[in-house]
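Reader: I've just opened this one and could use a hand. Can we go through how to read a few features together?

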Amino acid sequence: GGPASLSRFRGALVAAVLGDCVGGEFEGAEEVPMESVLQHLNSLDDETKGNGILEYSDDTAMARCVVQSLLTRTGFDEQDMARRFAKEYSTSPGRGYGSGVVQVLKKLSSPQLSDVYQPARDQFNGRGSFGNGGAMRAAPFALAFPDLSDVKRFARLGAMLTHSCSLGYNGAVLQALAVHLSLQGALDLPQQFISRLITEMEEVEDDEATRNDARILKEAEKPFCERLHRIRDLMDRSKVSIEEVIFELGNGIAALHSVPTAIFCVLHCLQPRDCLPENYGGLERTVAYSLALGGDTDTIACMAGAIAGAHYGIEAIPQSWMRCCEGAEDADLNAERLHMLYHQSSQGG
Ligand code: R7I
Ligand code: MG
Ligand code: MG
């Protein structure tokens, strides 16, 4: 489809759910042989096995809250979004939430709370979380707002409801930017895609909070920009091993160690790769490759899935994968609603 087509919206939202659901199998595994990944993915084709439904985790649970809030309020409403996060957590606390964020979610359900951003600020001795929980649910912001500055602003605020460290919320901004650009067809020119991300993040990371957090956490002055440059270097190389990707970009639970990794997975899998089956299309390659990195597989596959889905569109998603993932059908319906909201806003309505 063309830029911002319905197929791209559906691809983005559905592939994010698939990444989360199929990635759950390997979350936290240190080494994941590609053979195990392919076995897992092939078993999804085999309905006779009756392996049932793969449940989604906190990644999708929170993304669904974001989507519902944006649709119901026809825009960003921090009170409403915070309430939905709290409600979702109290209804289904067993979705695999990060160990710190549950404190925020409990505080957010208090009716006495006056500032919905305060519980997030109290995390980790007042510095806030740098986990990837803001980034894992950032894709819907790119699907709701056509304007780039809105995407940046609201992805940031949406993440700050749980993640007040700049390394947490800037990861969400980067993820939303990547989905936004992919939706426009920007992955047709991968070099320009990464250059655009660097230009945007140069501006995003040019502030006091970022410099402060980077200094305290002993990171480069602009941590996400530095990682994007590493991605560019890796792209220029003809062969890159999984070990090198993990070494350079990481596969962990911090936004800094997972959002750039997810972006790299998408870029690396734009072409066929020796380690991946020839009959796989780009979206299947991206998901398989994300899982093979190990570590925070559900979240990396979820984020890579959103970016790749926005590029390849819904047609690239195997029916058999969709059928066995909880919430995939809902995501498909919500994508249609977001597509309408997005195009209403772009007409100035
Ligand atoms: O970021 P968050 O929502 O977790 C998301 C991850 C995804 O992989 C999901 O799939 C799910 O499995 O969890 O939750 P947080 O609790 O805010 O952050 C996650 C973890 O990162 C924390 O439990 C800490 O271990 C670590 N972390 C920190 N550690 C020390 N200092 C995050 N911020 C800090 C910090 O400032
Ligand atoms: Mg999860
Ligand atoms: Mg995870």
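This is a predicted model: local features need pLDDT of at least 70, side-chain atom pairs count only at pLDDT 80 or more; totals for chains, interfaces and linings use all residues.

Reader: How many residues does α4 have, and what does it reach from its first C-alpha to its last?

Author: Helix α4 runs over residues 78-91, which makes 14 residues. Its reach is 20 Å, close to the 20 Å expected at 1.5 Å a residue.

Reader: Which residues of α4 are buried?

Author: Here's the general idea: an α-helix has 3.6 residues a turn, so residues three or four places apart point the same way. In α4, the buried ones are Asp-80, Met-81, Ala-82, Phe-85, Ala-86, Glu-88 and Tyr-89. Their cover includes α3, α5, α8 and α9.

Reader: And the largest pocket: what lines it?

Author: That pocket holds about 390 Å³ of space. It has 24 lining residues, and the closest to its centre are Gly-98, Ser-99, Gly-131, Asn-132 and Ile-253. By type, the lining divides into 7 nonpolar, 12 polar and 5 charged residues. Helix α3 gives the largest share, 3 residues.

Reader: What about the second largest pocket, and which helix gives the most to its lining?

Author: Its volume is about 270 Å³. Of its 14 lining residues, Glu-30, Glu-31, Val-32, Ile-242 and Glu-243 are the closest to the centre. Helix α14 gives the most, with 3 residues. The lining splits into 8 nonpolar, 3 polar and 3 charged.

Definitions and conventions
Residues are numbered from 1 along each chain as its sequence is written. Chains are lettered from A and ligands numbered from 1 in the order in which they are written. Side-chain values use heavy atoms; hydrogens and water are left out. On a 1 Å grid over the protein atoms alone, a cavity is a set of points where a 1.4 Å probe fits but cannot get out, and a pocket is an open set with protein on both sides within 12 Å along at least five of seven lines; lining residues have an atom within 4 Å of a point. Grid points are joined across faces, edges and corners, and a volume is the space filled by probe spheres set on the points. Helices (H or I, at least four residues) and strands (E, at least two) are DSSP runs, numbered from the N terminus. Ala, Val, Leu, Ile, Met, Phe, Trp, Tyr, Cys and Pro count as nonpolar, Asp, Glu, Lys and Arg as charged, and the others, Gly among them, as polar. The expected span of a helix is 1.5 Å times one less than its number of residues. Buried means under 20% relative accessible area, exposed over 50%, partly exposed in between (1.4 Å probe, protein chains only). Contact means heavy atoms within 4.5 Å.
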